[in-house]
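Please read the following briefing alongside the sequence and the structure. Its points are grouped by topic.

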Amino acid sequence: MRILAAALLCATAGIAVGQFTDPCKTKTRTSAHEDQCDLYYECFNGQPVLQECPNGLVYHGKRTQGLFGVCDYSFNVDCTDRPVRNPPISSEHCDWLYGIFGHETSCTRYWTCWNGTSAEQFCIGGLLYNEETHSCDWPQNVGGCQKHPLCKDDPNANVPLGKSCERYWACQGGYPRLQRCPATLVFDKRTRRCVNPPTEDCEAPTTTPPPEQLPETGPALGALPPRPRPPPRRRPQSALEPEDQGDFLPSNNLRPSSNPRPLGPLLPQGGNFREAPIDKAVPLN
């Protein structure tokens, strides 16, 4: 209620009344404050309510989602017509509770702050942190970080790396980036370029040759002779499988040895007789 009363008081007191926009009549249901960039109005129950962005963020006034609801980093929002902001709440490495800030001693590192807690970040690939854009940028676009001792003579020259024949420093905008010559090439300290060897200081890059293979003249001394291959295994011949099966007629007096039982009476030769399942069986005609 006090926030709502303050909003209505500001509107009735004539504080930039001409710039006030009713948030309940907008698509985003929010509207910017008259003269303060980190304040905004939000529609609740058909009434404008004054809201405040987290410390360090400002109202962006867009339909897209910002870093924190409708609030975003100040460098992403134009606050020229609303320059007033709440005073900063600082913590270690953080000028505001939320924001991105440069490092105190390094041009390749910076701090990201979330609710007053800082996290150290690094620019990679030879980039430097740009205070104006709050992002990692090429060295030539970053002022104040182009006075590296390696690049003091020429901000865009190549500098030898000690006695190394393959690696060197490439100055770009006054800041060195570690580079390596392509394969089979060496860095010439006189021309400061990668050239074919040899040079005054470097020979051809050494490579390890593959091990020589001895001719196959026989087994090495002390080597064990090859083991003889065992003969192929043959399936054992069953008692039911006679060697000569040319004119063999099956006989019912052969039983598998796995289930031995007393042998029954012999039947006459021919196909009209079978073993009787019961006593007093008769031949089949």
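How many bridges join β7 to strand β8? Six bridges join β7 to β8 (residues 117-122), and the two strands run antiparallel; strands, like helices, are DSSP runs numbered from the N terminus, with at least two residues (E) for a strand and at least four (H or I) for a helix, and two strands are taken to pair if DSSP finds at least two bridges between them. This is a predicted model, in which local features need pLDDT of at least 70 and side-chain atom pairs count only at pLDDT 80 or more, whereas totals for chains, interfaces and linings use all residues. Residues are numbered from 1 along each chain as its sequence is written, and side-chain values use heavy atoms, with hydrogens and water left out.

**The chain as a whole**
- The secondary structure of the chain amounts to one helix and 15 strands.
- Of the 285 residues in the chain, 26% are buried, where buried means under 20% relative accessible area, exposed means over 50%, and partly exposed lies in between (1.4 Å probe, protein chains only).
- The chain has an accessible surface of about 21200 Å², and carbon and sulfur atoms account for 53% of this surface; such areas come from the Shrake-Rupley method with a 1.4 Å probe, and for residues only the protein chains shown count as cover.
- Among contacts (heavy atoms within 4.5 Å) between residues at least 6 apart in sequence, 30% join residues at least 24 apart.

- Strand β6 (residues 99-102) pairs with strand β7 (residues 109-114) in the antiparallel sense over four bridges, with I100 standing opposite T112 of β7, and a hairpin of six residues joins β6 to β7.
- Between β7 and β8 there is a hairpin with two residues between the strands, and N115 in this turn has a positive phi of about 55 degrees; the bridge partner of W114 in β8 is T117.

**The sheet β1-β2-β3**
- Three strands form an open sheet in the order β1-β2-β3, with antiparallel pairing, and its edge strands, each pairing on one side only, are β1 (30-32) and β3 (47-52).
- From one strand to the next the twist averages 30 degrees, the axes being lines fitted to C-alpha atoms (for helices over the stretch in contact) and the angles running from 0 to 180 degrees between N-to-C directions.
- Strand β2 (residues 39-44) runs antiparallel to β3 and is joined to β3 by six bridges, and E42 stands opposite V49 in β3.

**Salt bridges**
- A search of the whole structure finds two salt bridges, each defined as a side-chain nitrogen of Lys or Arg within 4 Å of a carboxyl oxygen of Asp or Glu.
- R109 and E120 meet through their side chains in a salt bridge (3.1 Å, N to O), a pair that links R109 in strand β7 with E120 in strand β8, eleven residues apart; R109 is partly exposed at 26% relative accessible area, and E120 is likewise partly exposed at 31%.
- R180 forms a salt bridge with E166, the closest N and O atoms being 3.3 Å apart; R180 lies in strand β13 (residues 175-180) and E166 in the loop between β11 (158-160) and β12 (167-172), so the pair ties together parts that are 14 residues apart in sequence.
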